[in-house]
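Please look through the sequence and the model shown below before reading on.

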Amino acid sequence: MSRKPKKGYFVQGHFVAEGSELDIQLKHELKGTDENHTASRTDMKKESDELQDLGEALVTLRADLVARIHLPEKLFDALAEARRITNFEGKRRQMQYIGKLMRRLDEPTREAARAALAEQQHGSARETLALHQAEQWRGDLVDNDEAVQRWIEAWPQTDIQQLRALVRQARKDAVPEKPGLAPRHGRAYREIFQLVRTQLTAAAAEPTAAEGAEDDADE
């Protein structure tokens with residue numbers, strides 16, 4: 001004789017039988033009204049999607065930042081496995097599994113994960129800005145002596161003799177062999193970029209005055 005199917009409903013992919021402890025708990029949380037029921041389910045779906053996205057983002061997080069979060073071993077291994085999987089369907093299933101594990105995390109760990117991702121993104125933005133600034137500075141340095149003086153005033157720790165020598169050589173290299181040809185960029189041109197980028201990237205990695213004041217206020 002076949003069993004009579006249980007009555008119930010699904011929440012986040014899990015079956016909740018009517019009359020079960022979970023059903024009673026959910027109904028208590030929903031306060032018994034359709035309006036609250038809809039709102040609660042919407043909030044639960046929103047939180048679930050946010051944690052799914054957070055878990056997927058953690059796959060791209062640098063190893064040193066991942067280690068700082070102190071994730072549970074299962075989640076740590078799941079993230080490592082996701083990085084290895086190349087098959088589309090396999091990756092999709094692994095991401096779903098990661099989302100499931102993310103929903104088991106306590107809030108402090110979730111916040112630590114968000115902070116680590118923000119730190120990685122903030123650092124990438126700073127480095128990108130430094131690259132753009134380095135390209136602009138290189139062009140200015142090669143074009144005119146005023147820019148060279150401005151750089152020296154802004155970065156007095158620069159090896160001034162080296163910078164001036166590179167600028168002179170870059171200008172010499174840029175002269176076309178024949179009229180009408182495009183300027184050439186030799187080794188000196190590339191070395192100016194490396195010199196400038198190194199300085200700007202180091203400065204970008206240092207905390208700003210405002211960030212330092214915030215850190216002092218927190219202590």
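A residue is called buried when its relative accessible area is under 20%, and exposed when that area is over 50%. The model described here is a predicted one.

**The aromatic cluster**

Trp-137 has a relative accessible area of 17% and is therefore buried, since the cut-off for that class is under 20%. A search of the whole structure finds two aromatic pairs. In one of them, the ring centres of Trp-137 and Trp-151 are 5.0 Å apart and the planes stand at 75°, so this pair is edge-to-face. Trp-137 belongs to helix α6 (residues 107-143), whereas Trp-151 belongs to helix α7 (residues 145-154), so the pair ties together parts that are 14 residues apart in sequence. Trp-151 is also buried, at 0% relative accessibility. The rings of Trp-151 and Trp-155 form a pair with centres 5.4 Å apart and planes at 40°, so this pair is tilted. Trp-155 counts as buried at 18% relative accessibility. Through these ring pairs, Trp-137, Trp-151 and Trp-155 are linked into a cluster.

The two pairs are set out in the table below.

| Ring pair | Distance of centres | Angle of planes | Class |
|---|---|---|---|
| Trp-137 and Trp-151 | 5.0 Å | 75° | edge-to-face |
| Trp-151 and Trp-155 | 5.4 Å | 40° | tilted |

Val-167 is found in helix α8 (residues 160-174). With a relative accessible area of 3%, Val-167 is buried, because a value under 20% places a residue in that class. Which residues does Val-167 touch, not counting residues up to four places away in sequence? They are Leu-141, Val-142, Val-148 and Ile-192. For one of these, Val-148, the C-alpha atom is separated from that of Val-167 by 8.5 Å, and the two residues are 19 residues apart along the chain.

**The hairpin**

Strand β1 (residues 8-11) pairs with strand β2 (residues 14-17) in the antiparallel sense, over four bridges. Together β1 and β2 form a hairpin with two residues between them. In the turn, Gln-12 has a positive phi of about 55°.

Methods: Residues numbered from 1 in each chain as written. Predicted model: local features only at pLDDT ≥ 70, side-chain atom pairs only at ≥ 80, totals over all residues. Heavy atoms only, no water. Pairing = 2+ DSSP bridges. Buried < 20%, exposed > 50% of the residue type's maximum accessible area, 1.4 Å probe, protein only. Contact = heavy atoms within 4.5 Å. Phe/Tyr/Trp six-rings, centres within 6.5 Å; stacked < 30°, edge-to-face > 60°.
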